[in-house]
Amino acid sequence: MYTQAMDTMAREAKGQVQAVKSAEEQAREAAFEARIDAGEFIEAKDWMPEHYRKTLVRQISQHAHSEIVGMLPEGNWVTRAPTLKRKAILLAKVQDEGGHGLYLYAAAETLGVSRDELLDALHSGRAKYSSIFNYPTLTWADIGVIGWLVDGAAIMNQVPLCRCSFGPYARAIVRVCKEESFHQRQGFDALNVMMTQGTPEQRAMVQDAVDRWWWPSLMMFGPPDGESVHGAQSARWGIKRISNDELRQKFVDATAEQAKVLGVTLPDPLLKWNAGRGHHDFGPIDWDEFWRVVGGHGPCNTERLAARVKAWDDGAWVRDAALAYAARQATREQAA
Ligand code: BYC
């Protein structure tokens with residue numbers, strides 16, 4: 001009896017605590033939602049719902065992985081750039097992508113996840129990175145087309161992220177976008193030189209690269225809105241400001257005009273200005289191909305992941321040396 005009485009009291013006390021906690025929790029959620037509605041930035045030390053935190057860790061780390069894996073297709077051409085000027089530009093661009101990866105990993109780490117955990121998710125194949133980087137770079141024209149279309153799509157997707165509700169991500173993206181803008185311009189410029197001053201073979205090479213990269217570039221924006229599992233919640237939280245389909249449409253509208261300036265044909269017989277909608281109509285996207293690539297079965301998925309795992313393994317001695325150095329410094333400082 002005595003024990004039961006104690007239990008009853010304990011249960012009641014626990015119930016009260018839970019009721020208080022849940023009221024607190026509700027108040028915190030309401031305050032959080034109000035800050036989102038007011039367009040305030042949420043900072044790393046602020047209270048946030050667990051689902052918001054997880055959504056950000058997922059998106060920011062996938063973005064960081066995309067930047068790092070995205071160095072590989074272009075890195076493939078650094079030693080074969082046609083001129084010193086193009087080589088210097090490409091080197092700078094690839095280094096920028098590395099830098100973007102680092103700012104983004106740092107932004108994700110503010111959410112309480114470690115760099116090692118994030119990299120382990122990439123290396124074990126659990127984490128996603130952008131589908132676009134699972135296609136091969138077969139010719140020099142691919143480098144121009146990546147700048148024009150892939151970086152162009154990245155800018156279209158990322159400019160709205162400068163207003164993302166999570167402060168550290170939004171601030172990292174401001175700098176990323178400035179650099180992406182140079183990347184897009186250099187790609188367009190390289191293609192323009194080939195189209196206006198190149199041989200018929202070089203112009204054909206540009207067209208072939210456009211034919212191969214156009215549809216995968218449209219897939220970068222993610223599945224159609226109706227199939228975007230995270231879209232609605234991320235819009236509610238001010239993480240995504242513009243939907244996948246709206247961004248894709250803006251990208252098609254912008255690049256259709258740029259293609260005319262370049263003198264290339266976009267490989268879509270259904271691409272046509274629709275005066276009624278005030279947008280270009282375009283043909284159906286092969287979503288089976290998208291999901292195949294996202295699921296690990298694109299042309300280069302195995303190669304890309306193997307390259308990242310090898311880089312991590314080969315870099316083990318650098319990490320060990322840095323840790324040993326830091327430990328020695330700490331011992332010296334303690335002794336001093
Ligand atoms: N590839 O519900 P959804 C660069 C996944 S780097 C692979 O719409 P969300 C550059 C999605 O993760 C460019 N997976 O998702 C670098 C989700 O799966 P999980 C990278 C994709 O997050 C070097 C599922 O499909 N940019 O520009 O609301 C050189 C359902 O999708 C893709 C960023 O990362 C894809 N394309 O919207 C040159 C930007 N699309 O996670 C250039 C930041 C979707 O449930 N990210 N999935 O397993 C975003 O803006 C959003 O995360 C997305 C997707 C628009 C990509």
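Biologist: What classes do the residues lining the second largest pocket divide into?

Modeller: Keep in mind that this is a predicted model. In it, the lining of that second largest pocket has eight nonpolar residues, two polar and three charged.

Biologist: OK, and how many residues line the second largest pocket, and which lie nearest its centre?

Modeller: The lining has 13 residues. Nearest the centre of the second largest pocket you'll find I68, L102, L119, R308 and W312.

Biologist: Which helices supply at least two residues each to that lining?

Modeller: That would be α4, α5 (115-123) and α12 (301-314). The largest share comes from α5, which gives four residues to the lining of the second largest pocket.

Biologist: How much space lies in there?

Modeller: The second largest pocket holds about 260 Å³ of space.

Biologist: Switching to the ligand. How many residues surround it, and which are the closest?

Modeller: There are 36 residues around the ligand. Q62, K128, S228, H230 and K240 are the closest.

Biologist: You listed K128. How far is a polar side-chain atom of K128 from an oxygen atom of the ligand?

Modeller: The distance there is 2.4 Å.

Biologist: And which residues put a polar backbone atom by the ligand?

Modeller: Two I can point to are M220 and V229. For M220, a polar backbone atom sits 3.2 Å from a nitrogen atom of the ligand. For V229, a polar backbone atom is 2.9 Å from a ligand oxygen atom.

Biologist: So how much of the ligand's area does the protein bury?

Modeller: The ligand taken alone exposes 1000 Å², and the protein buries 92% of that.

Biologist: Which helices each supply at least two residues of the shell around the ligand?

Modeller: Those are α2 (50-69), α4 (84-109), α6 (140-158) and α11 (287-297). Of the helices, α2 gives the most to the shell, with six residues.

Biologist: How about that shell by class?

Modeller: The shell around the ligand has 14 nonpolar residues, 14 polar ones and eight charged ones.

Biologist: Zooming out, how many helices and strands does the protein chain have?

Modeller: It has 13 helices and two strands.

Biologist: And what does the chain span along its principal axes?

Modeller: The C-alpha trace of the protein chain spans about 95 × 65 × 35 Å.

Biologist: Last one: what percentage of the residues of the protein chain count as buried?

Modeller: The chain has 336 residues, and 43% of them count as buried.

Note on methods:
Residues numbered from 1 in each chain as written. Predicted model: local features only at pLDDT ≥ 70, side-chain atom pairs only at ≥ 80, totals over all residues. Heavy atoms only, no water. Near = heavy atom within 4 Å. Polar contact = N/O pair within 3.5 Å; in protein donor to acceptor, adjacent residues only side chain to side chain. Areas by Shrake-Rupley, 256 points an atom, 1.4 Å probe, with all protein chains shown as cover. Nonpolar A, V, L, I, M, F, W, Y, C, P; charged D, E, K, R; others polar. 1 Å grid on protein atoms, 1.4 Å probe; cavity = no way out; pocket = protein on both sides within 12 Å on 5 of 7 lines; lining within 4 Å. Points joined across faces, edges and corners; volume = space filled by probe spheres on them. Buried < 20%, exposed > 50% of the residue type's maximum accessible area, 1.4 Å probe, protein only.
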